[in-house]
Amino acid sequence: MYKLTFTVLLLITGLTFGQEAPKFEKTGGYARFLSIGSNPYVLDLENLKTNPAYAGHYANLFYGDIGSSIVGSPNNGNGQFAGFNLRVNNQITVGAILARKDFMTSSIAQLDPGGVVGIVNGVAGAGSVTALDNNFQALGSYVLNNSWTLGLGLAYASTSSSATPAGGNKSVGSASQLGLNFGAIGKLSDGLDLDVDFSLMMPSASYEAGGGAPKIEASNTYMMINTRAFYKATSKFTYVPVVSFMTSSGTATNAAGVSSDLPSSTNFSVGFGLHYQVGDVMFAGGPALGITSTTTPSTTAAPELSNSTFTFPGWNLGLEWTLTDWLVGRLGYTANTTSWTWENAATATTKNEQTGYAHGNDLRAGFGFKFGKFQLHATIAEQVLFDGLKNIANGSETFGYISAHYEF
């Protein structure tokens, strides 16, 4: 496997010299991101969700996801959201995102990733706290000088409900989440650009039964850092190293008023991508290494437990080509090899340990449609590819996920 990885890297590197450098284009969204293999080595509108400094590059734009339709789900259009960016002057761009609880990207627009509402409802009873929804994020960017752009984002969502039975005590259930992110895009030197962002999310939930009963509550804190560089090795070719880090921790208080730590987790990944373009054809991709670790604190019924994974190589590969002036085709591929260690409680003081390997891969396809200032991007439902001519009569879904934007 390692020989194969090294050989592929040498092959791609050899092919890239003499090709055109990647170009920045006001295009994309989650559907494009999926179509080209969830590719972190490509500039895309999707980057705006984690780094608000990109608002300046995607100014005067309405954008959002139409989402996907899940069979049997009452929530059609899973993943829908809407946003806009407006250029105020040559230095300042402002914008906003309104996201539902099924938002697809890990950013401050995503709600309650650790499920604190579910933790409280698991103790207080189903429906005691209303799930968070309709997260509103305000964002903006500022051109500091000709080389650097700074960005700031602030998101907030909350719910509250109460009940007062006749002759009883008033109960109150509430939840909220505050999110904050910072970003910067700039030029370190000639041929070397940097993209860095930091995100902080703090979801919390609580339930008070009244009558002096202890408050049941839970809260989490998430911190994420992403760094990406674009190094133009020659006038035709660019390297794209990527580093990401995430950590989370939290606490919970039960019905007896006893506080305890929630499971904590850490994730670290580093990737090395190659990006080149041959006329109307763009290729980007490379291998990555990922490490995750989750620790569950000890209780009276179980000792401290740890789960971990080590992924290498994790491949993200994407191919995009312009078929006509209004149609773009895309192919993507992801593959990974992961070793894992998992612990579970055997008794209150002892634990079992299991280890193993897992492999995953996924081939994607998609299209981008451009009609003037309007663009629509869609993944192709896998069944369409398998059915072929059968699609004429079977009435199955054509697209898996859809994003769109309009430039004004």
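Which residues does F81 touch, not counting residues up to four places away in sequence? I began my notebook with this, and in the model, which is a predicted one, I found that F81 touches K49, Y63, G64, D65, I97, L98, A99 and F103 once those neighbours in sequence are set aside.

**Cores.** Next I looked for the setting of F81, and I found F81 among the residues with the most contacts inside the largest nonpolar core, together with L45, L48, Y63, I97, A99 and L139. This core has 15 residues, and I noted that β1 (61-67) and β3 (92-99) each supply at least two residues of it. Apart from this core lies another one, of 14 residues, and I listed A157, A175, A205 and I216 among them.

**Cavities.** I then asked how many cavities of 30 Å³ or more there are, and the count came to two. The largest cavity holds about 60 Å³ of space, and of the 13 residues that line it, I recorded G29, L45, K49, Y63 and F81 as the closest to its centre. Looking at the elements behind this lining, I saw that β1 and β17 (399-407) each supply at least two of its residues, and that β1 gives the most, with three residues. My last entry concerns N47, which lies in the loop between α2 (30-35) and β1. Is N47 buried or exposed? Its relative accessibility is 14%, and since buried means under 20%, N47 counts as buried. Leaving out residues up to four places away in sequence, I found that N47 touches V42, Y54 and R228, and I noted that a polar contact of 3.1 Å joins the side chains of N47 and R228. I also looked up G28, which is 19 residues from N47 along the chain, and found their C-alpha atoms separated by 9.5 Å.

Definitions and conventions:
Residues are numbered from 1 along each chain as its sequence is written. This is a predicted model: local features need pLDDT of at least 70, side-chain atom pairs count only at pLDDT 80 or more; totals for chains, interfaces and linings use all residues. Side-chain values use heavy atoms; hydrogens and water are left out. A nonpolar core is a set of buried Ala, Val, Leu, Ile, Met, Phe, Trp, Tyr and Cys residues joined through side-chain atoms within 4.5 Å. Buried means under 20% relative accessible area, exposed over 50%, partly exposed in between (1.4 Å probe, protein chains only). Helices (H or I, at least four residues) and strands (E, at least two) are DSSP runs, numbered from the N terminus. Contact means heavy atoms within 4.5 Å. A polar contact is a pair of N or O atoms within 3.5 Å; within protein, one must be able to donate a hydrogen and the other to accept it, and residues adjacent in sequence count only if both atoms are side-chain atoms. On a 1 Å grid over the protein atoms alone, a cavity is a set of points where a 1.4 Å probe fits but cannot get out, and a pocket is an open set with protein on both sides within 12 Å along at least five of seven lines; lining residues have an atom within 4 Å of a point. Grid points are joined across faces, edges and corners, and a volume is the space filled by probe spheres set on the points.
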